[in-house]
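Good morning, colleagues. Please keep the display in view as I speak.

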Amino acid sequence: AQRWGAAGEAADEHPYLVRKGIAAHGLRVEGGLLLVPMRDTNGTVHSLQTITATGEKRFMTGGRVCGCYHSVGCPDAAIVVGEGMATMHSIRAATGLAVAAAFSASNLAPVAQALRRKFPALPILLAADDDHATEGNPGLTAARAAALAVGGLVVVPQFPADRPPKATDFNDLFSLAGAGAVCACFAEVLEGMSHAPR
């Protein structure tokens, strides 16, 4: 909390944000490090993720991760839970939906469950990282498990045919094919929700 309080507001011109094509959305900066707050559902900051200009990510030693997240936007039509901060800022930019970055695949279910307790009636969408080149596709597997735990729906990035091998998440899709491609993935799922029997 002391580090977060002492840090200045991050500018959209931070090299990592420029490389990812995203806005700062309330992040802070300490020296050259981006600080991403890790909050609980009451808004209390429990820890920080630091990101260097080149994209190296670290968590504070001994800081709480489980169930903590970085959110942007006020939940309205739905809330989207996914892994990385850049991925979630891209989804926010493309769709206008409220987002929560859980920081890792293993934290998707704890964050989705915490948000389900806070918003019992709100649709929760799990934005999967499609780790297609990794055995067992951990990103997609974890997103499906989290969705199952909270009665949510999974949204998977739909890449063009010439997808680079390292392209796995919605920020990659955003960078490769633009906001419209990201929006289309969510529109399909949201449209399906609106036609579902209540």
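Two strands are said to pair if DSSP finds at least two bridges between them. Please bear in mind also that this is a predicted model.

With that definition in hand, consider strand E3, residues 33-39, and strand E4. These two pair in the antiparallel sense over six bridges. One of the positions to look for is Val36, whose bridge partner in E4 is Gln49. E3 and E4 form a hairpin with five residues between the strands, and Gly43 in this hairpin takes a positive phi near 90 degrees.

Ile51 stands opposite Lys57 in E5. E4 and E5 also form a hairpin with five residues between them, and Gly55 in that turn has a positive phi of about 100 degrees.

Is strand E4 mostly covered or mostly open? E4, which spans residues 45-51, is mostly covered, since six of its seven residues are buried.

At the E1 end, E1 and strand E2, residues 28-30, pair in the antiparallel sense over two bridges. There, Glu9 stands opposite Arg28 in E2.

I turn next to the nonpolar cores. The largest has 21 residues, and those with the most contacts inside it are Val80, Ile91, Leu125, Val155, Phe170, Val182 and Phe186. Which elements supply at least two residues each to this core? They are helix H3 (85-95), strand E8 (98-101), strand E9 (124-127), helix H6 (170-177) and helix H7 (179-195). H7 gives the most, with four residues.

Leaving aside residues up to four places away in sequence, Val182 touches Ile91, Ala94, Phe170, Leu173 and Phe174.

There is also a second, separate core, of 20 residues, which includes Tyr69, Val81, Leu115 and Ala147.

Thank you for your attention.

Notes
Residues are numbered from 1 along each chain as its sequence is written. This is a predicted model: local features need pLDDT of at least 70, side-chain atom pairs count only at pLDDT 80 or more; totals for chains, interfaces and linings use all residues. Side-chain values use heavy atoms; hydrogens and water are left out. Buried means under 20% relative accessible area, exposed over 50%, partly exposed in between (1.4 Å probe, protein chains only). A nonpolar core is a set of buried Ala, Val, Leu, Ile, Met, Phe, Trp, Tyr and Cys residues joined through side-chain atoms within 4.5 Å. Contact means heavy atoms within 4.5 Å.
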